[in-house]
Amino acid sequence: MHFARLPAWRRLCLPLPGHPRIQTYFQPTAPLVRSLATAAPSPSPAQNLTEKIVQRYAVGLPVGKAVRSGDYVSIKPHHCMTHDNSWPVAQKFFSIGATGIHDNRQVVMTLDHDVQNDSDANLRKYRNIEELARKQGVDFYPAGRGIGHQIMTEEGYAWPGTLTVASDSHSNMYGGVSCLGTPIVRTDAASIWATGQTWWQIPPVARVRFDGVLPRGVTGKDVIVALCGLFNNDEVLNHAIEFIGSEETLNSLKIDDRLAIANMTTEWGALSGLFPMDTVLKGWMLGKAEEHAKRLQEGVHPRLTKEKVSDFFTLNALSAHPEATYAKTLSLDLATLSPFVAGPNSVKIATPLAELEEQKIAIHKAYLVSCTNSRASDIAAAASVFRAQPNARIASGVEFYIAAASTLEQELATKAGDWDALINAGAKPLPAGCGPCIGLGTGLLKAGEVGISATNRNFKGRMGSRDALAYLASPEVVAASAMKGFIAGPGYYGGSAGAVSRSQGSAPAAATGTSPAVETNTETETEILAGFPASITGEIVFCDADNINTDGIYPGKYTYQDNVPREKMAEVCMENYDPSFGAQTKPGDVLVSGFNFGTGSSREQAATAILARDIPLVVAGSFGNIFMRNSINNALMTVEVPKLIERLRSTFGKKVATRRTGWTFTWDVKRSTVIVKEGEQGEEWSLKVGELPPNVQEVFVQGGLEGWVKAKLPKE
């Protein structure tokens, strides 16, 4: 569980509705900036768009309470989507004693990740999910219909001004249609199935202002790749983002561009990426409504109709208050952008295409797949590259894989002739689904290969071998690279790859979220529950890297295999980060890493695989929010101690992937103190951390939130 940050902060874990609140206080002596949503301060109308939407979906608030960033709230999301992980969610759902989904209109189930897998085990899981959806009356979309996030947008589940969640880290994508989309984890999904509700802390909100207009040949993918590379020091880590700009600027960002940008705010480190409700969005929704009307002929779509869209924009459109508070403001002049490429193997490395094109980096595979960039407009952009050069083919020695985001998008691309244009050029079609993006199915990168992809992640080992190199780019650049055999563009961009105009504003003093540490001679002891240790001690194993992601912690190829034995989870833990990790660690070690540990996907196995190695505690400079959430739900103890990372790096110097340090780390829970002994003859120092009270210890004694909830449910 994420118990403390330094400086110490107050933390809260909200249980399922109807059960006692679990609180833990990380109380600095200075005044606390954050507040509980139930504290009922004087209401203020000056909310940003994120806060306004959460206000609509928060439950149990006192009358007149206006929610703010930092508030912990119980939320009842408009929709909750689960995909291939629906069956693991179901197992949690049934294990806590639930039998019927609380609101079957709230839940959506899709099958999209492992759709190429025709093994008996996978097909049986898919049948189980479909049967569960049928029995519970839940909307269900089978394998091959499309990627869940695309279905949520094109089918109107992700509706402007609503709060919609999914058990997948790319739920941020819904922000492209002004729906506050944010990820949850499997235990949260089970909670929503059972009660309709879960908990959320409203993040600090960053405002990103776009200026200028996108030049020809520059896309939404280039925008988000540039943002990830230009602001690559965790500026928006664990923030919600609101994108703003003039009408002219926003008109240059079509909805498909916005979806790509919002989708990859996940890789940027954010928890959501919200665009405004404007005429561009209204026009897109009316267009989708017309497409559905033509497809259904005499039928009526349950959500997307011209009447519903028109009524919504007349009566219900939301916008941020002009005096709303933001944690920070970043700006980017779109007119100064050129095509960008991310990588290799990191979204934080963004290079203008012109620089890489000169290097003629040979590729082996190219990919136009995923929820980020495989809509009809993306397929058309790729096809135009080949149409511009009659008789052009995929370069010798290159494999180009394509998969539409959904069957509806593939139908549009086929009708326009774009799908066949790519097939005729030598592209290899895959079913609508995630496939290579998650490292599943056909066409994965082999050791020594180089790939370029229009997907959202190029973490080491995610799309195949950890000894391969993966780059990310727009559909046009991916297609041109596949045609030429090296990383290259189609030649559309006529500007220069000069300096990009960007800036970062300072946060208002009242919203910085920091408080000075103050020494105090007053010491109180915490009561220790039976079954909970008064202190935890272990040797520090230091994984000296920042941004260790969930693919590095637990490989994606195992994520959708159910019933992986604990021994196997322990064996593969951290193997994509460092294959020697398993040989260098032993039970009882304390895992210490750098900053933003656990960034990436919502897979709970990133926490449970560490527990499978009998490592009870992880210490880092900071944690990714989803990993923190999984730690809470699975009883993995975590604590942020930036000073320890600084001491380790200054002492040991040269980076080693995994190092046994000989140092010991002790968390004295009773005295709310961490103690570090720097080797047998080294310095010993200590720091105060927040209290871990008995009601939080109880979650650990019960083996995690699932066990805690089960223990609290009334016995039938």
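Which residue forms a salt bridge with Arg462? The partner is Asp551, and the closest N and O atoms of the two are 3.0 Å apart. Keep in mind as you read that this is a predicted model.

Arg462 is in the loop between strand 21 and strand 22 (469-472), while Asp551 belongs to helix 17 (residues 550-553). The pair links distant parts of the chain, 89 residues apart.

## Other salt bridges

Side chains of opposite charge can pair when their charged atoms come close. Searching the whole structure turns up 33 salt bridges, and here are two further examples for you to find.

Start with Lys365, which forms a salt bridge with Glu449; their closest N and O atoms are 2.5 Å apart. Lys365 lies in strand 18 (residues 365-368), and Glu449 lies in the loop between strand 20 (428-429) and strand 21 (450-453), so this pair ties together parts that are 84 residues apart in sequence. Lys365 is buried, with a relative accessible area of 3%, and Glu449 is buried as well, at 14% relative accessibility.

Next comes a salt bridge between the side chains of Asp139 and Arg303, at 4.0 Å from N to O. Here Asp139 is in strand 8 (residues 139-141), and Arg303 is in the loop between helix 10 (279-296) and helix 11 (306-315), which places the two 164 residues apart. Arg303 counts as buried at 16% relative accessibility. Both residues also belong to a network of salt bridges that links Arg105, Asp139, Arg145, Glu154, Glu155 and Arg303.

## A look around Glu235

Where does Glu235 lie? You will find Glu235 in the loop between helix 6 (220-230) and strand 13 (240-245). At 11% relative accessibility, Glu235 is buried.

The side chain of Glu235 reaches the backbone nitrogen of Asn233 at 2.8 Å. A polar atom of that Glu235 side chain also lies 3.4 Å from the backbone nitrogen of Asn232. Leaving aside residues up to four places away in sequence, Glu235 touches Lys328, Leu330 and Gln504. Lys328 is 93 residues away from Glu235 along the chain, yet their C-alpha atoms are separated by 8.8 Å.

## Rings meeting rings

Now for the aromatic side chains. The whole structure holds 15 aromatic pairs. One of them joins Phe93 and Phe94 edge-to-face, with 5.2 Å from centre to centre and 65° between the planes. Phe93 is buried at 1% relative accessibility, whereas Phe94 is partly exposed, with a relative accessible area of 39%. Ring pairs also bring in Trp193, making a cluster of Phe93, Phe94 and Trp193.

Is the pair of Phe623 and Phe627 stacked or edge-to-face? The pair is stacked, with 5° between the planes and 5.8 Å from centre to centre. Phe623 is buried at 0% relative accessibility, and Phe627 is buried with a relative accessible area of 2%.

## Charges over rings

Rings can have charged neighbours as well, as two arginines here show. Arg629 lies over the face of Trp199, at 4.0 Å from the ring centre. Arg502 lies over the face of Phe231, at 5.4 Å from the ring centre.

Note on methods
Residues numbered from 1 in each chain as written. Predicted model: local features only at pLDDT ≥ 70, side-chain atom pairs only at ≥ 80, totals over all residues. Heavy atoms only, no water. Helix = DSSP H or I, 4+ residues; strand = E, 2+ residues; numbered from the N terminus. Buried < 20%, exposed > 50% of the residue type's maximum accessible area, 1.4 Å probe, protein only. Contact = heavy atoms within 4.5 Å. Polar contact = N/O pair within 3.5 Å; in protein donor to acceptor, adjacent residues only side chain to side chain. Phe/Tyr/Trp six-rings, centres within 6.5 Å; stacked < 30°, edge-to-face > 60°. Lys NZ or Arg CZ within 6 Å of the ring centre and 35° of its normal.
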